[in-house]
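Hello,

Here is the structure I promised to pass on. Please have a look, then read my notes below.

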Amino acid sequence: MNVLDINNVTKRFGNLVAVRDVSLSVAKGELCAIIGPNGAGKTTFFNLISGFFPPTSGSITFDGRNITRLSTHERVTRGMARTFQITEIFPELTVFENVRIAAEVAGGYRLRPWINRAEAAQVHARVEETLKLVSLETKTDRLVGELAHGDQRAAEIAMALALKPHLLLLDEPTAGMGDQETFQITQLIRRLHRDSNYTIVLIEHDMRVVFNLADRICVLDQGRMLAQGTPQEIAANETVQAAYLGNAA
Amino acid sequence: MSAEQTRKLIALAAIWAALLFAPYWMVPLGGYTALATRVLVLGLAAMSLNFLLGFTGVLSFGHAAYFGLGAYGAGLALKFVAPSTPLALILGMLLGGLCGAILGTLIVRRRGVYFAMVTIAFGQVFYYIAFQWSSLTGGDDGLRGFSRQPLDFGAFKLDILSNANNFYYFVLFCFALAVGVMAFILRSPFGRTMIAIRENERRARFLGIPVERHIWIAFTLSCFFMGFAGALYALVNNFADPRGLHYSQSGDFVMMAVMGGMRSFWGPLLGAAVFVVLQDYLSSITVNWMSFVGLLFVLVVLFFPRGLLGFLQRSKA
């Protein structure tokens, strides 16, 4: 079964059509990368999936349910988590506290004015497990705002993972990173995909990362879906080469 | 880690010791017990405002309305319902809290400056109601004709009307109760979602927190605490003043919170203490006492942006 089915979505901002009649299906356990030149509508497309704003037309189905009109937090509650191009974290809290908030919300405790020992221990275990997964277990007491860029990104991913998502949306996970950090984040995403079997959709500019990780690549150009296929197919696609990849392929 | 915990524990013990013995150390220093009582009540109000401002990150500029509603609620209860101090406190708290809950549903749709403006507007509505509805509220003269009642414990009665120390300890008990509940909520999963919203609203939303609903709950809780503080204030003065609902009073509460340190739990109490003591001392010297408090406020904001308590904590660390 597909985790995500997007059918003919269009998003207009006044006269501008940012996303035009795009369809996309993501199967369980798949890693799908969205590429395209600047202004191709990638982030708008992501915002439509995560519920930042509703599409002008078209529908979005998640885990078999129509979520087109659901708010962001309702989508998150149903198992969709995302990170941002510019890392969105709680800078003045520690790594542990950042992830704990996510784990408590995922545990259904967000409205609770108390938490008992057993529940707190469960949350604690979940946080430690998640931090281990992203290799931040030695930095739990550091303030997130004081961490290196790559570690902040890892903390943001940890918060998303603590939600136990069925679908992970990563908006340019290696944006603004050096080679070393890019390598670490790529390794992390590979582990999440191969070992933990997460379903992932990501936007990425770094073609090494994309061709390294993706099961399938979708190319957006001027709001349209230009091509979809395996990395080999995309690399061989002449339309894509002409529009975007150029001499990079 | 444990050294920090020990230091926090010592600071906490020092705060409670200072409050517990206030009538004994303030009088020799030239103060009087009723001044300590006022510090407690206005401190509780500033802490209630800061529950929203410092820990959820939204600025209400109309919180005096819920403070004033608490005061009128308590006064009207004593005057027309029954001569009972606990009942007055409960009804005052309910009046402030329920009005906050209802208006909060409209207010939480806005953010930033617009949030502050809407809170002022709704706050002024209550001010004008209290000002105009003379037959019930006493209008411009305020609500008079009630006084706090002795506490009846069955076996004995505690005189809190004429015995200033008894009344101080009664207020301290109420203060401890409210502050305890506040601290308890802030340490809970719900309290942590408030801090999440303060730190990064977008991240909070994308963790699955319905931000508006959580701000509404925080706003409502803060109004209940505010109403409780207002009810206590009516007992302090045996009088409810329409100016207690005015937005300039709201501004005073914001000043206390910011001056004391809005990121710290106890900061607003310190801010209120400085404000109330300066007001008491300076107003006996000059009618322009507010200029001096204002000057101090500007200096604190310029040089100690984390407030007086934030500055003390930093210099200790």
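For the complex, the predictor gives an ipTM of 0.90 and a pTM of 0.91.

This is a predicted model, in which local features need pLDDT of at least 70, side-chain atom pairs count only at pLDDT 80 or more, and totals for chains, interfaces and linings use all residues. Residues are numbered from 1 along each chain as its sequence is written, and chains are lettered from A and ligands numbered from 1 in the order in which they are written.

The interface comes next. 18 residues of chain B are in contact with 24 residues of chain A (contact: C-beta atoms, placed from the backbone, within 7 Å). α8 (164-186), α9 (189-199) and α10 (201-205) of chain B each give two or more residues to that side. Helices are DSSP runs of H or I, at least four residues; strands are runs of E, at least two; both are numbered from the N terminus. The largest share, six residues, comes from α9(B).

Now the sheet in chain A. Six strands form an open sheet with mixed pairing, in the order β6-β7-β8-β3-β9-β10 (pairing: at least two DSSP bridges between two strands). β6 (80-83) and β10 (224-229) of chain A are at the edges with a single partner strand each, so one side of each lacks a neighbour in the sheet. β3 (residues 31-35) and β9 (residues 216-221) of chain A pair in the parallel sense over four bridges. Ala33(A) is opposite Ile217(A) in β9(A).

Best wishes

How values were computed:
Contact = placed C-beta atoms within 7 Å.
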